[in-house]
Amino acid sequence: FCVTKIGEDSYSRSDYGLLNFSQEVGEILVEMGAIDPDDLERARSLACEHGGDASEELRRLVRVEDRDLYRALARQKGLRFGDVEKLLGVIDANLFERVPRAFLDHNHLIPIQVHDGVLQVATTDPDAPIEDLRKVFRNHQIELHLVTPTDFRRLWATLDLWVSGVGPSPAEIVSKQPEDDLLSRTDAEFEAHLVALFQSLLLDAIGESASDIHLERYGDRVRVRLRVDGELNDIERYQLTPRELAGLINVIKVRSDLDITERRLPQGGRIRVRAGGAAYDLRVQTQPSLHGEHAVLRLLPQTAKLISIEDLGFSALTARHYERLIDNPAGLVLVVGPTGSGKSTTLYAGLKRLAEDGRRKVITVEDPIEYSIENIQQTRVRPDIGFCFSDAMRSFVRQDPDVILVGEIRDAETALEAMRASQTGHLVLSTLHCNDAIDAVQRLYDLGLHPNTIAGELLAVIAQRLAKRICDRCREEVDPDPKIVEELFPEGAPGSFRTFRGKGCSRCKGRGTRGRVGVIEYLAVNTQVRIAISKQPAVDELRQLALDTGLVTMRDSAIDHVTQGIIPLSELPRILPEERMALEGRH
């Protein structure tokens with residue numbers, strides 16, 4: 001409004017409307033570094049075109065994590081962003097009984113605790129109605145903590161364990177109990193407890209962005225661990241008894257169609273679950289051990305957006321080489337590394353580019369299909385009915401494909417079919433389990449392929465590991481560890497060598513790292529390397545020749561990442577063998 005003096009003691013007021021000084025969610029996400037300004041502009045344009053909301057368009061356009069989105073929403077609405085770990089530690093389950101469950105469920109509210117006359121409430125809705133809560137808690141102020149949908153379900157699952165009478169207080173989540181307490185329960189109660197336990201564990205893993213869940217037994221001690229960013233962390237809240245572990249593994253076996261009576265042999269299966277709008281494919285593996293069965297569950301999100309080639313962690317030069325590789329009319333491209341090194345992600349980034357191009361037909365055979373890609377024909381192997389990788393390859397060449405992806409070359413028959421497909425004018429992409437690019441060539445020799453065939457068809461080998469990425473919000477430059485520097489540069493580090501670390505913040509949960517990035521070794525099979533491969537030289541001889549002709553080693557890639565502030569120096573001894581830490585000879 002505007003006030004104008006019109007006389008000695010008289011004024012006129014003109015009202016123009018309200019001004020909104022709060023930032024929109026997209027602007028906050030840009031400020032947080034979660035998205036680029038260009039992404040926001042595109043989202044705004046699409047929102048205007050479709051008559052929708054810019055934040056929803058952002059979620060479709062870019063990989064905005066729920067945690068970032070809800071933290072931005074909390075800032076916009078002036079609310080506190082809820083730390084689910086802290087909330088789980090202080091939640092007062094007795095408050096839950098004072099309000100009808102149907103009301104809480106409908107309005108997405110969970111009362112957490114009363115502290116200094118303030119009722120703390122978790123919600124997924126920044127505009128959640130709280131007037132009815134005020135009537136129940138008349139003498140308390142209400143403070144909303146905004147949490148992600150996954151974290152909200154984690155809180156709810158914890159309360160379900162307690163309310164059902166088969167779980168302990170939520171402050172402990174799952175406390176260790178004497179065997180007699182469990183034996184005194186009815187079968188139905190114990191089964192309900194195990195199902196609730198399984199759901200709670202899955203929600204915890206999803207909430208922590210874990211890639212794997214490990215359930216292990218050592219004597220009378222049960223260990224529950226989550227692998228987050230490649231590192232295993234114990235979850236102390238789950239203090240299970242051996243009987244609970246056995247029951248939990250039976251629940252997992254039933255869900256994944258495994259034989260619950262078979263405890264002597266390893267078994268593998270799959271479970272499909274949904275958590276809110278996200279779907280997950282769980283790969284299950286049980287393993288007999290000295291003290292009982294262990295189980296590992298790998299979480300594969302089916303609705304996550306595919307990563308692009310630019311986001312893989314390749315250097316600009318290697319990224320250009322990879323883009324050129326997938327444009328080749330024929331040949332074999334291998335991505336190699338140990339389990340969990342991101343091989344499939346690298347191949348999927350290439351498939352994403354091919355799908356966007358749309359000029360070539362692409363067929364895949366996988367075990368399992370980790371991500372669904374539009375415009376790509378994907379097939380899953382079924383060994384139980386006799387449909388394996390090699391069978392798929394023989395049928396694929398009659399489908400007139402341009403590009404064939406083989407999930408993994410596991411045996412001589414699949415390797416031979418991949419080479420035959422390459423020789424008949426197809427580009428074949430696949431993975432191998434081996435240590436580096438030169439080892440991949442040796443592995444092909446071991447699978448019985450003729451050296452001339454390998455030399456004629458192999459285009460390139462990409463070997464990789466995953467290293468922890470420094471959190472970009474709390475990154476700071478630090479002095480390098482002298483022991484690692486001495487191992488890395490025996491004759492002294494160059495003057496331009498810099499190192500960084502993350503000091504820990506709310507975004508990375510104090511870890512200093514957030515996510516992972518690829519550390520790449522790239523072998524281009526040029527004329528000199530091709531001639532050498534056809535002669536089947538010793539591994540060391542082939543590696544030296546590759547170094548002389550431009551092999552990009554993992555050491556090169558790792559040092560680039562360190563000096564650019566992408567990974568901490570402490571990651572190098574973990575991903576590089578001792579003999580590869582120092583500069584390898586080039587003539």
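Because the model is predicted, local features need pLDDT of at least 70 and side-chain atom pairs count only at pLDDT 80 or more, while totals for chains, interfaces and linings use all residues. Residues are numbered from 1 along each chain as its sequence is written, and side-chain values use heavy atoms, with hydrogens and water left out.

The protein chain holds 24 helices and 21 strands (DSSP runs numbered from the N terminus: helices are H or I with at least four residues, strands are E with at least two). Of its 587 residues, 50% count as buried, where buried means under 20% relative accessible area, exposed over 50% and partly exposed in between, with a 1.4 Å probe and protein chains only.

Spanning residues 37–50, H2 has 14 residues and reaches 20 Å from its first C-alpha to its last, close to the 20 Å expected (1.5 Å times one less than the number of residues). Its buried residues are Asp39, Leu40, Ala43 and Ala47. Seen down the axis of H2, these fall within an arc of 95°, so they line one face of the helix; the arc is that of the directions from the helix axis to the C-beta atoms. On the other side of H2, Asp38, Cys48 and Glu49 are exposed. After H2 comes glycine 51, with a positive phi near 70°.

Phenylalanine 489 and phenylalanine 497 are both buried.
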